[in-house]
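Let's take a walk through a protein together. Keep the picture open as you read, and look for each residue when it comes up.

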Amino acid sequence: MIPLSVPEISGEEWAYVKKCLDTNFVSSVGPFVGEFERSFAEFTGSPHAVACASGTAAIHLALRMAGVGPDDEVLVSGFTFVATINPIIYQGAAPILVDAEDRTWNIDPALVIEELERRHARGLKQPKAIVVAHILGAPADIAPIIETCQRFSVTVIEDAAEALGASYLSGPYAGRQVGTIGEFGCFSFNGNKVITTGGGGMLVTGNAAAARRAKHLSTQAKIDGPEYLHDAIGYNYRLTNIAAALGVAQLERLPEFLQRKAGIAAKYNAALGAVPGVTLPPTVPWAKSTFWLYSILIDKSIAGTDRKTVLEALDAEGIQARPVWAPAHSMPIYSEYSRLGGEVGLRLFSQGLSLPCSAGLTVSDQDRVIEVLVKALKRA
Ligand SMILES: *Cc1c(COP(=O)(O)O)cnc(C)c1O
């Protein structure tokens with residue numbers, strides 16, 4: 001079987017985890033947690049980083065830090081994994097699901113600006129925050145969102161769970177990595193992400209006080225000292241030393257993983273670019289995607305076959321492909337929430353297919369994926 005996206009464990013992982021076991025530092029106290037936070041902050045160019053139990057926990061902490069509560073609304077990417085959205089509901093707030101745009105498949109800044117301007121003109125309460133996801137490794141067009149949100153005091157949180165290492169090439173944030181632009185950036189080290197700790201996440205921010213507060217909330221808001229005294233309702237959102245040891249080892253490999261994924265994407269682009277009815281993953285001149293997942297669109301009216309048929313053909317050959325997500329507004333669990341647009345997300349869902357693209361994907365395995373895929377598309 002050729003899997004969609006699996007970890008590559010071939011560096012210092014064993015050695016660092018052994019250190020945890022040998023020293024008895026297996027839980028959330030131990031030197032690897034701090035080391036992971038420091039090296040992650042350095043890699044992303046973010047002043048502060050707080051290790052968390054998951055990417056979802058990092059997003060939840062960011063919303064809590066932004067003061068999001070039951071009377072608030074929060075704008076959010078609607079075409080994303082549910083973990084971008086659910087923490088808004090954990091806080092008792094109401095998400096407003098914003099459609100994607102064709103250029104990036106990410107949140108459409110025009111819809112965001114229009115909504116904030118509309119509310120301003122009518123004297124309506126503004127959303128407390130916005131959660132911008134950078135999906136599939138591709139940076140969202142964040143500059144116009146930041147500019148407008150600053151005008152209306154809306155806190156910008158980036159969900160960079162899928163886009164570690166992606167960056168802006170021009171514009172006001174040229175040279176900066178995704179996740180470091182908004183007030184808070186959130187990352188995930190789940191097993192299918194570009195680097196993994198088994199499970200884990202990271203919250204980054206430029207605000208030192210917010211980083212300290214987030215760490216405090218992630219450790220049950222316990223006041224230092226021997227007594228069990230707590231000054232807020234916190235969470236158990238810590239990362240363990242063992243997970244952090246994996247993280248340190250994985251981070252050492254990240255530049256290589258990103259390079260390999262760029263090579264995999266370039267090879268798919270070259271092989272699929274001229275196939276009728278196939279749209280390649282979005283690329284824009286002003287930002288660099290990591291192609292965390294390499295996803296294409298299949299337009300049935302041109303290709304003569306649809307996403308589902310192609311997926312089945314790949315599956316029959318032991319190749320694991322996956323549809324992209326259904327936009328949140330199409331799922332009954334979110335039907336009570338309002339939305340802005342939604343047609344683009346629906347179309348991406350009906351046509352989108354992610355192909356195997358692990359950093360460890362071999363040349364011969366990728367050749368086989370391409371061969372089976374092209375055959376399935378030509379059969380039509
Ligand atoms: C993976 C992911 C998350 C959540 O990360 P976990 O570590 O699994 O909690 C959040 N948002 C997006 C877009 C993701 O892909």
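A salt bridge is a side-chain nitrogen of Lys or Arg within 4 Å of a carboxyl oxygen of Asp or Glu. Keep in mind that this is a predicted model. By that rule, the count here comes to 16 salt bridges, and E8, R253, E256 and R260 are linked in a network of them.

Let's zoom in on E8. The side chains of R253 and E8 meet with N and O 3.7 Å apart. R253 sits in helix α8 while E8 is in the segment before α1, so this pair ties together parts that are 245 residues apart in sequence. E8 also has a salt bridge with R260, with the closest N and O atoms 3.2 Å apart. R260 lies in helix α8 too, so here the parts tied together are 252 residues apart in sequence. As for burial, E8 is buried at 18% relative accessible area, R253 is buried at 12%, and R260 is partly exposed at 28%.

Now for the nonpolar side chains. In soluble globular proteins, these tend to be buried together. The largest nonpolar core here has 97 residues, and F40, I130 and L355 have the most contacts inside it. Helix α8 gives the largest share of this core, 14 residues. Among the residues that L355 touches are L4, Y268, L272 and L373. Apart from this core lies another one of 33 residues, including M65 and Y237.

What about disulfides? The structure holds zero of them. Take C20: the nearest cysteine sulfur, that of C52, is 18 Å away.

Methods. Residues are numbered from 1 along each chain as its sequence is written. This is a predicted model: local features need pLDDT of at least 70, side-chain atom pairs count only at pLDDT 80 or more; totals for chains, interfaces and linings use all residues. Side-chain values use heavy atoms; hydrogens and water are left out. A nonpolar core is a set of buried Ala, Val, Leu, Ile, Met, Phe, Trp, Tyr and Cys residues joined through side-chain atoms within 4.5 Å. Buried means under 20% relative accessible area, exposed over 50%, partly exposed in between (1.4 Å probe, protein chains only). Helices (H or I, at least four residues) and strands (E, at least two) are DSSP runs, numbered from the N terminus. Contact means heavy atoms within 4.5 Å. A disulfide is a pair of cysteine sulfur atoms within 2.5 Å. Lists of a residue's contacts leave out its neighbours within four places in sequence.
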